Amino acid sequence: GNASTHAINGTLFKSLPFDPVKDFEPVTNVASVSNVLLVSPDMPARTLADLIAMAKAQPGKLSFASNSVGSSNHLSGELLKSMAKVDMFHVPYKSATGAAIDLMGGRVSLMFDNMTTAVPQVKAGKLRALAVTGERRVAALPEVPTMVESGLPGFVVTPWWGVFAPAGTPKPVIEKLHRDIVGVLKMPEVRDFFAAQGTDVIANSPEEFARYVKGEAARWGEVVRASGATAD
């Protein structure tokens, strides 16, 4: 499961055939990754502060793209609107690739994208990274500040992936799954693989993961409701 299936969709969809919290037993949070705030190299804004100033000077004029309604990329944009108190409009695409192509062509103003897909475009000079959404800077883009460093305290978005079992799975089974999975995640070659993708290994306990999922569901539920987004 991931941030969408277990923290966002419960609010985004009016009804789901399962309860994202009650129907699952968390095993461990495998890894998380930062999103990146991207603009075209031709965009005058060179910092997050510049971008916010542009948006405030032109209410409703700037657009932000995403790979789909309700994705972490979309909701990162909605969170920016809310925290920076700016008016921008959302342009959903069928894929991050399509959104990035239109951003390069200047047909949209900005987008948040996943680190793993954004870094090659930034390094090639096709897009400019203004900020990353994690708690700290990332090794792949060390010169790019975080959203917090750029002036938005509390703006932290880290899409994640975890392992779940069906609700009611016996505790000894959860404990064995956790032990075996975390054992693999701690292998140096596995950590190196994730690091090369700009991704952080988490490997927390079932109890820690359960608390985290509930917190994420509450947090993103507020953002989804405030945005009015729906997938129905």
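I started with H2, which lies across E2, E5 and E6 and runs at about 60° to E2. For the labels: helices (H or I, at least four residues) and strands (E, at least two) are DSSP runs, numbered from the N terminus. The angles run from 0 to 180 degrees between N-to-C directions, and the axes are lines fitted to C-alpha atoms, for helices over the stretch in contact. Contact means heavy atoms within 4.5 Å.

Before going on, I noted that this is a predicted model, where local features need pLDDT of at least 70 and side-chain atom pairs count only at pLDDT 80 or more, while totals for chains, interfaces and linings use all residues. Residues are numbered from 1 along each chain as its sequence is written, and side-chain values use heavy atoms, with hydrogens and water left out.

H3 packs on the sheet too: I found it touching E2, E3, E4 and E5, with its direction at about 135° to that of E5.

**The five-strand sheet**

In what order do the five strands of the open sheet come? I read E4-E3-E5-E2-E6, with mixed pairing. Two strands pair if DSSP finds at least two bridges between them. E4 (89-92) and E6 stand at the edges with a single partner strand each, so one side of each has no neighbour in the sheet. On average, neighbouring strands here are turned by 30° against each other, direction ignored.

Then I checked some pairs. E3 (residues 63-66) and E5 run parallel and are joined by two bridges; Phe64 stands opposite Leu110 in E5. E2 (residues 35-39) and E6 run antiparallel, with four bridges, and Val36 faces Val132 in E6.

Is E6 (residues 128-132) mostly covered or mostly open? Mostly covered: five of its five residues are buried, where buried means under 20% relative accessible area, exposed over 50% and partly exposed in between (1.4 Å probe, protein chains only).

**The three-strand sheet**

My next stop was an open sheet with the order E7-E1-E8 and antiparallel pairing. E7 and E8 (199-201) are at its edges, each with a single partner strand, so one side of each is left without a neighbour in the sheet. E1 (residues 24-33) is joined to E7 by seven bridges, and I noted Trp161 in E7 as the bridge partner of Ala31. H7 (residues 188-196) lies across E1 and E8, at about 150° to E8.

**The cores**

Which residues touch the most other members of the largest nonpolar core? Of its 37 residues, they are Leu51, Leu80 and Met147. A nonpolar core is a set of buried Ala, Val, Leu, Ile, Met, Phe, Trp, Tyr and Cys residues joined through side-chain atoms within 4.5 Å. I also found a second, separate core of 20 residues, including Val36, Ala65, Ala100 and Leu141.

I followed up Met147: leaving aside neighbours within four places in sequence, its contacts include Leu37, Leu80, Phe112 and Phe155.

**Two helices crossing**

Last, I looked at H1 (residues 3-12) and H8 (residues 206-227), whose axes come within 8 Å and cross at roughly 35°. Among the residues making this contact are Ala7 and Leu12 of H1 and Trp220 and Val224 of H8. I sorted the contact residues into seven nonpolar, three polar and two charged. Here Ala, Val, Leu, Ile, Met, Phe, Trp, Tyr, Cys and Pro count as nonpolar, Asp, Glu, Lys and Arg as charged, and the others, Gly among them, as polar.
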